Amino acid sequence: MRPFVLVNILFVLALLGIDILYLTGYIAWWWLLVVIVIYLHLLVLGAIYIGWNFYLYSHNKGKSTNAIALSFDDGPAACTAAILDVLKQQNVPAAFFTIGKNAVANPDLVARWHSEGHLIGNHSYEHGFNFDWKSAKAMLQEINKTNEAVKNITGVTPLLFRPPYGVTNPNVAKAVRLSGMQSVGWSLRSFDTKAKHGDVLVDKLLRMAKGGDVILLHDSMPVTAEILTEFITKAREKGFTFVRVDELLALQAYV
Ligand SMILES: [Zn+2]
């Protein structure tokens, strides 16, 4: 049972309990407000934290004690080529969760992902701010359009989907289910999109990384390209090995 279902059941039971206790004069009316506020908070936090698996199950972390996986979202983007150069030099396989419209605009980089042994995942077509307000049908159309774009360039159809912004809700859950894809989240969020200093970012990643981690990065960020060699080198010195996310999570990458 998803936590969302459990929370709904508990919410209804709490409402019934409060009604009875209020009508029998044991508690004040404002307990109703307390329960509603807690309930709404849980719905929002469940949407924000993909690791809660609140509305749908996402694969977020592997079981390995020393293997970790790099994942890059939102490309092909400004720094994709530079990141690919580093990954090639360091012989590290990674995953790229692509925005479909960016894939269509940069087919050469998508082809490079595939030919250089990286995994291509689906990260919606538009990645708009309104994605999570769309109907499940509209989300499914975006997912299918991106899979189509990747297939046209590489010949393979992705099976792994990462929700835009990592936000989930009942419609995202339904769209993923209808698409037949698996949702992949992360266990270590780098916040590279907000990083101002590369050395701080490297230190944070090295301090926080644990075996089995799926690390969220963005190939749109210059700072990510800049620190990648140093991070890979130092992580290896700490005993980590880099594997592709599908291997780490034991998932099938493509149809
Ligand atoms: Zn994204």
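**Figure 1. Polar contacts of the His-127 side chain in the predicted model.** In this predicted model, the side chains of His-127 and Asp-74 are joined by a polar contact of 3.3 Å, and a polar contact of 3.0 Å joins the side chains of His-127 and His-123. When residues up to four places away in sequence are not counted, His-127 touches Asp-74, Ile-99, Glu-142, Pro-164 and Tyr-165. His-127 is found in the loop between strand E4, which comprises residues 119–122, and helix H6, which comprises residues 136–154. With a relative accessible area of 13%, His-127 falls under the 20% limit and is therefore buried. The backbone of His-127 has a phi near 55 degrees, a positive value in a residue other than glycine; most residues other than glycine have a negative phi.

**Figure 2. The zinc ion and its protein donors.** The protein donors of the zinc ion are the OD atom of Asp-74 together with the NE2 atoms of His-123 and His-127, and these lie 2.1 to 2.2 Å from the ion. Along the chain, the donors follow the spacing D-x48-H-x3-H. His-123 and His-127 are both buried. Two of the side-chain pairs in this view are also joined by polar contacts, namely His-127 with Asp-74 at 3.3 Å and His-127 with His-123 at 3.0 Å.

**Figure 3. The cis peptide bond from Gly-75 to Pro-76.** The peptide bond that runs from Gly-75 to Pro-76 is cis, and its omega is near -5 degrees. Most peptide bonds, by contrast, are trans. Pro-76 is found in the loop between strand E2, spanning 67–73, and helix H3.

**Figure 4. Packing of helix H3 against helix H9.** Helix H3, formed by residues 80–90, packs with helix H9, formed by residues 222–237, at an angle of about 20 degrees, and the axes of H3 and H9 are 9 Å apart. Because the angle is under 35 degrees, H3 and H9 count as roughly parallel to each other. The contact draws on Ala-82, Ile-83, Val-86, Leu-87 and Gln-90 from H3, and on Thr-224, Ala-225, Leu-228, Thr-229, Ile-232, Thr-233 and Arg-236 from H9. The crossing of these helices, H3 and H9, is right-handed.

**Figure 5. Packing of helix H1 against helix H2.** The axes of H1 and of helix H2, the latter made of residues 31–48, come within 10 Å and cross at roughly 175 degrees. That angle is over 145 degrees, which means that H1 is roughly antiparallel to H2. On the H1 side, Phe-4, Val-7, Asn-8, Phe-11, Ala-14, Leu-15 and Ile-18 meet Trp-31, Leu-32, Val-35, Ile-36, Tyr-39, Leu-42 and Leu-43 in H2. Ala-14 lies in helix H1, which covers residues 3–23, and at 26% relative accessibility Ala-14 counts as partly exposed.

Figure 6. Ser-183 is found in strand E6, which comprises residues 182–184. Its relative accessibility of 2% is under 20%, and Ser-183 therefore counts as buried. The side chains of Ser-183 and Ser-58 are joined by a polar contact of 2.7 Å. Leaving aside neighbours within four places in sequence, Ser-183 is in contact with Ile-50, Leu-56, Tyr-57, Ser-58, His-59, Phe-161, Pro-163 and Val-176.

**Figure 7. The backbone at Phe-191.** Phe-191 is found in the loop between strand E7, residues 188–189, and helix H8, residues 198–208. The phi of Phe-191 is near 55 degrees, which is a positive value in a residue other than glycine. Phe-191 is partly exposed, with a relative accessible area of 38%.

**Figure 8. The whole chain, as context for the close-up views.** The chain has 10 helices and 9 strands, and its C-alpha trace spans about 70 × 40 × 30 Å along the principal axes. Of the 255 residues in the chain, 51% are buried. Among the contacts in the chain with a separation of 6 or more, 76% are accounted for by residues 24 or more positions apart.

Definitions and conventions
Residues numbered from 1 in each chain as written. Predicted model: local features only at pLDDT ≥ 70, side-chain atom pairs only at ≥ 80, totals over all residues. Heavy atoms only, no water. Donors = N, O, S within 2.8 Å, 3.2 Å for Na, K, Ca; no water. Buried < 20%, exposed > 50% of the residue type's maximum accessible area, 1.4 Å probe, protein only. Helix = DSSP H or I, 4+ residues; strand = E, 2+ residues; numbered from the N terminus. Polar contact = N/O pair within 3.5 Å; in protein donor to acceptor, adjacent residues only side chain to side chain. Contact = heavy atoms within 4.5 Å. Axes fitted to C-alpha atoms, helices over the stretch in contact; angles between N-to-C directions. Parallel < 35°, antiparallel > 145°, perpendicular 65-115°, else oblique. Left-handed = near helix turned anticlockwise from the far one by under 90°.
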